[in-house]
Amino acid sequence: MKFDVITIFSEIFKPVLNESILKRAQDKGKVKVTVHDLRKFTEDKHRKVDDRPFGGGPGMVMTPQPIFDAVKKIKGKSKAKVILMCPSGKPLTQKLAKQLAKNKHLILICGHYEGYDERIRERVVDEAISIGDYVLTGGELPALVLIDSVSRLIPGVLGRESSLEDESFERNLLEYPQYTRPANFRGIKIPNVLLSGHHLAIKKWREDQAYIRTKKYRPDLLNKKQ
Ligand code: 4FV
C-alpha cells in the first residue's frame, strides 16, 4: 500500500512513521509512505501556498495552483485515490478504513489555515474525509490517523499478537473487557469464567460483555446499520 502525503509541515510525520508497527510495516515493504513538501510545487516567487479569501473574512485560504500541480505530478498515470483531509469530509470509521485499505495507492492532502480553495475539492479530490467533528490546526494529524487506521488492516502488518477479529466496531460492537496477570491484583479479582478454561463459556461471556459495554458506552452504535 502506497501513501503519498502533501503537506507544508513534512517534519511532523517522521517521528510517528519511524516507530513501532508503522516502521515495521515500511521495513517489511507492506506500506510505503512518501511525504511531499507542497512549497516545492508553488509557482509563487515567495513560495506562498495561501492567500486572502475573496469576499473578505479572517484568515488565509490554500491556493489551488500548488495543490493542483502537486497532485498531477505525484499521481502521474496511476489510479491513486486523492483524499482531502477536512472537517466537512465523510467521517472516518472502521468500516471506511477497511474500504480504503482495498486501494493500492492513496494521495492525502493536508490543509492549514482556514481551509482550501473549493476548486481543489471540485476538480482534484476523489474523497474528502474527516477524523471528527472538531477543528484542528492542520490536516497532518488527520492524515496520520488515516495512515495508521488503514495500514494496520493490511495483511501482514499486524503481527500474530494482535488480531483484527473481535476488535471494537466489528459488527458495530465495542470490544469485550480484557484482563491479564495477576488474576488477583491487590484484592481486585477478574471474572472467574476467564479462569475456567471453558472456551464456549468464555466466548459467550465475551459476546454478552461486548453488547453490555456497547449499550453502556456507545448505544448509538447499536442502532447503526451494519
Ligand atoms: C480536520 C478534521 C481538521 C481545518 C482547518 C485544518 C483543519 C485547518 N481534518 N478532520 N477534523 N482540519 O480539523 O480532518 O486547515
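This is a predicted model: local features need pLDDT of at least 70, side-chain atom pairs count only at pLDDT 80 or more; totals for chains, interfaces and linings use all residues.
Residues are numbered from 1 along each chain as its sequence is written. Local features need pLDDT of at least 70 and side-chain atom pairs count only at pLDDT 80 or more, while totals for chains, interfaces and linings use all residues, and side-chain values use heavy atoms, without hydrogens or water.

**View 1. The largest pocket.** The volume is about 400 Å³, where a pocket is an open set of points on a 1 Å grid over the protein atoms alone at which a 1.4 Å probe fits, with protein on both sides within 12 Å along at least five of seven lines. Of its 15 lining residues, Thr93, Gln94, Lys95, Asn172 and Lys224 are the closest to the centre (lining means an atom within 4 Å of a point). Helix α4 (residues 94–100) provides the largest share, 3 residues, helices being DSSP runs of H or I with at least four residues and strands runs of E with at least two. The lining comprises 3 nonpolar, 5 polar and 7 charged residues.

**View 2. The second largest pocket.** Here the volume is about 290 Å³, and among the 20 lining residues Met85, Cys86, Pro87, Val135 and Leu136 lie nearest the centre. Strand β5 (81–91) gives the most to this lining, with 3 residues.

**View 3. Helix α6 (residues 140–151).** The end C-alpha atoms are 16 Å apart, in agreement with the 16 Å that 12 residues should span at 1.5 Å a residue (1.5 Å times one less than the number of residues). Because 9 of these 12 residues are buried, α6 is largely enclosed by the rest of the structure (buried: under 20% relative accessible area, 1.4 Å probe, protein chains only); Leu144 and Ile147 are among them.

Key: Grid points are joined across faces, edges and corners, and a volume is the space filled by probe spheres set on the points. Ala, Val, Leu, Ile, Met, Phe, Trp, Tyr, Cys and Pro count as nonpolar, Asp, Glu, Lys and Arg as charged, and the others, Gly among them, as polar. Buried means under 20% relative accessible area, exposed over 50%, partly exposed in between (1.4 Å probe, protein chains only).
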